[in-house]
Amino acid sequence: MSANTFALVVESSAKHPRPDQQFTYGTAGFRMKADLLDSVIFRVGLLAVLRSKSHRGKTVGVMITASHNPEHDNGVKLVEPLGEMLAQAWETYAMDLANAATPDALVAALNKIIAAENIDLAQHAAVVVARDTRPSGPALVASLVDGVKALAGVITDFGVMTTPQLHYVTRCINTKGTPDAYGEPTAAGYYKKLADAYLKIAKGRKPLSALHVDAANGVGAPALRELAATIGDQHLGVVIANDDIATRGKLNHNCGADFVKISQKAPEGIDLKPGQRWCSLDGDADRIVFYYADASGKFKLLDGDKIATLAAGYIMSLIREAKATHADGTPLKVGLVQTAYANGSSTAYVRDTLKVPVVFTPTGVKHLHHEAEHFDVGVYFEANGHGTVLFSKAAVKAFEATAGKSESERAALEALRTLSDLINQTVGDALSDMLMVEVVLLGTQQTLEAWDAGYTDLPSRQEKVKVQNRALFVPIKADTELAEPAGLQDKINEQVAKFRKGRCFVRPSGTEDIVRVYAEAETVQETEDLAYTVCGIVFDGYGGVGERPAKFKRVAA
Ligand code: NG1
Ligand code: ZN
């Protein structure tokens, strides 16, 4: 293609100059300080148009968010037509475009993609975009619009939405009028779909006590308010805390799912009383964790692992009750997918008590999602509260085709059908997961304490170490070990061997410029000792930068 075809691209890209910076499309797309993102997002607009054309004009989604990260960060992620994460090869194209240093290099990168993917530039292209509540969002949407228009694509701006809502509308648009139609492609359609499914199960059941929701001062607050209004307060009582999206600096600050999970305490500024039921969303409402205070006032966390076991246990009991099988009588395959961050006790509980197979994948939901698709009912959750339950086409067919011989069989089948509507099939969704948990607790009339009693978490600790070059850390075996730097894994193993029930691994973050250290052991003290010893080993021997945190331990040479 001649440079002329791209005259508008070249002209527009001059308005979005590229800073001297290397950009990486990681597990969560491009993510960094918002003021570095203008050129990247303009170029993502170009890429989104090419992706749509390569899908013969199907609509591609773009979400502008930095999730649980600080408010001054932002990021961008592409969504495939059925709501999945961007295909791997296109991550490379995204980086080629973002890192092209000159107008000529940008045009060459575009031509490379067009040739590799055999794209017909005359093909129509459609893109939808939404953003979270970050103050940097509107300007970044404008950069994206410029990029889409520079390649003559059509763009629809859905304004402020949760990440799962953007995935939902993308899938709805592309399935509208087909047998796989997913719903109305609007925020209202999303609330209605969830509310209808929830009400089918909740109506006629004794309501639970109010659920207190920490919305991280983000988009989850207005979204939950709409959802709760659509459901009606006689069937779901929610009390929303941390719903200030107007005041700068509050998003995710000392609150939200990530803060609660990492610090293992309640968000600041809330009054957590024994007997209350609480949960926290993250900044773009795709993660959720639950918690309560026990009778002595002690904080107790119910994280993604606990949500996964609750869901898997309940769905298994429904399948048994419904006597649902494949048409040929073979049982439906239920499985659970975890990462190395799953608490060791949860894995043992799933295998030994629930008797459900567990599969491990590297960190990042796209890996978990992919594995979960191999089951009829694939439950996947990261410990941080990001996950969902996928139902295969065969499973949905089994729920529909099975007649049910008794009242209880029919009720269980109806519950399974409804769950497959209630649970977001495109991506982990805090609001959908919240309703899923409520439905399970309603069905079993369980308190959070009773849910928590299934197994006791091993003490765990997650830490960050700032290093010169995190690319030197090469994880293997689903992130549980390091192949490089040479010798480091042996040093970690040597420490782990000193602790009862010790487990520890180090991996580079895909979303932050740090390496993460995770440790588990028999007691809190031992867990801290193990974590801080390994942090010290990494910091001292493998390029730690900045001030050395006092808590990091030193190992005698
Ligand atoms: P990194 O920064 O690669 O650890 C974090 C989470 C992932 C995933 C991504 C995407 C942990 C330990 N890591 O990735 O699970 O959620 O963010 O947001 O929770
Ligand atoms: Zn998120």
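Tutor: Happy to; what follows is a chat about a predicted model.

Student: Great. Which strands make up the sheet that has strand 1 and strand 5 at its edges?

Tutor: That is an open sheet of five strands, ordered 1-3-2-4-5, with mixed pairing. Strand 1 (30-33) and strand 5 (154-160) each pair on one side only. On average, neighbouring strands there are turned by 15° against each other, ignoring direction.

Student: How many bridges join strand 1 to strand 3?

Tutor: Four, and the two strands run antiparallel. Strand 3 covers residues 73-79. If you want a pair to look up, Phe-30 has Val-76 in strand 3 as its bridge partner.

Student: And what does helix 6 touch in that sheet?

Tutor: Helix 6 (residues 163-175) packs on the sheet and touches strand 2 (59-64), strand 3, strand 4 (126-131) and strand 5. The direction of helix 6 makes about 170° with that of strand 2.

Student: While we're around strand 2, where does Arg-56 lie?

Tutor: Arg-56 is in the loop between helix 2 (38-54) and strand 2. Take a look at its backbone: phi is near 55°, which is a positive value in a residue other than glycine.

Student: Good one to check. Next topic: how do helix 8 and helix 15 cross?

Tutor: The axes of helix 8 (residues 220-231) and helix 15 (residues 430-444) come within 11 Å, with a crossing angle of roughly 40°. The two helices are therefore oblique to each other.

Student: Right-handed or left-handed?

Tutor: Helix 8 passes helix 15 in a right-handed crossing.

Student: Which residues meet there?

Tutor: From helix 8 you have Ala-223, Leu-224, Leu-227 and Ile-231, and they meet Leu-431, Met-434 and Leu-435 of helix 15. Sorted by class, that contact has seven nonpolar residues, no polar ones and no charged ones.

Student: Nice. What does UniProt list for the AMG1 domain?

Tutor: The unreviewed entry lists "domain: Phosphoacetylglucosamine mutase AMG1" for residues 205-289 and 303-442. In the model, residues 205-289 are 24% helix and 18% strand, and the end C-alpha atoms of that span lie 24 Å apart. Residues 303-442 are 54% helix and 13% strand, with the end C-alpha atoms 19 Å apart.

Student: And which residues does the C-terminal annotation cover?

Tutor: UniProt, again in an unreviewed entry, has "domain: Alpha-D-phosphohexomutase C-terminal" over residues 482-531. The chain there is 34% helix and 30% strand, and the end C-alpha atoms are 16 Å apart.

Student: What kind of peptide bond joins Glu-484 and Pro-485?

Tutor: A cis one, with omega about 0°. Pro-485 sits in the loop between strand 17 (481-484) and helix 17 (488-496).

Technical notes:
Residues are numbered from 1 along each chain as its sequence is written. Chains are lettered from A and ligands numbered from 1 in the order in which they are written. This is a predicted model: local features need pLDDT of at least 70, side-chain atom pairs count only at pLDDT 80 or more; totals for chains, interfaces and linings use all residues. Side-chain values use heavy atoms; hydrogens and water are left out. Axes are lines fitted to C-alpha atoms, for helices over the stretch in contact, and angles run from 0 to 180 degrees between N-to-C directions. Angles under 35 degrees count as roughly parallel, over 145 as roughly antiparallel, 65 to 115 as roughly perpendicular and the rest as oblique. A crossing is left-handed if the near helix is turned anticlockwise from the far one by less than a right angle, and right-handed if clockwise. Contact means heavy atoms within 4.5 Å. Ala, Val, Leu, Ile, Met, Phe, Trp, Tyr, Cys and Pro count as nonpolar, Asp, Glu, Lys and Arg as charged, and the others, Gly among them, as polar. UniProt positions are given in the numbering used here, feature names are shortened, and annotations may be inferred rather than shown by experiment. Two strands pair if DSSP finds at least two bridges between them.
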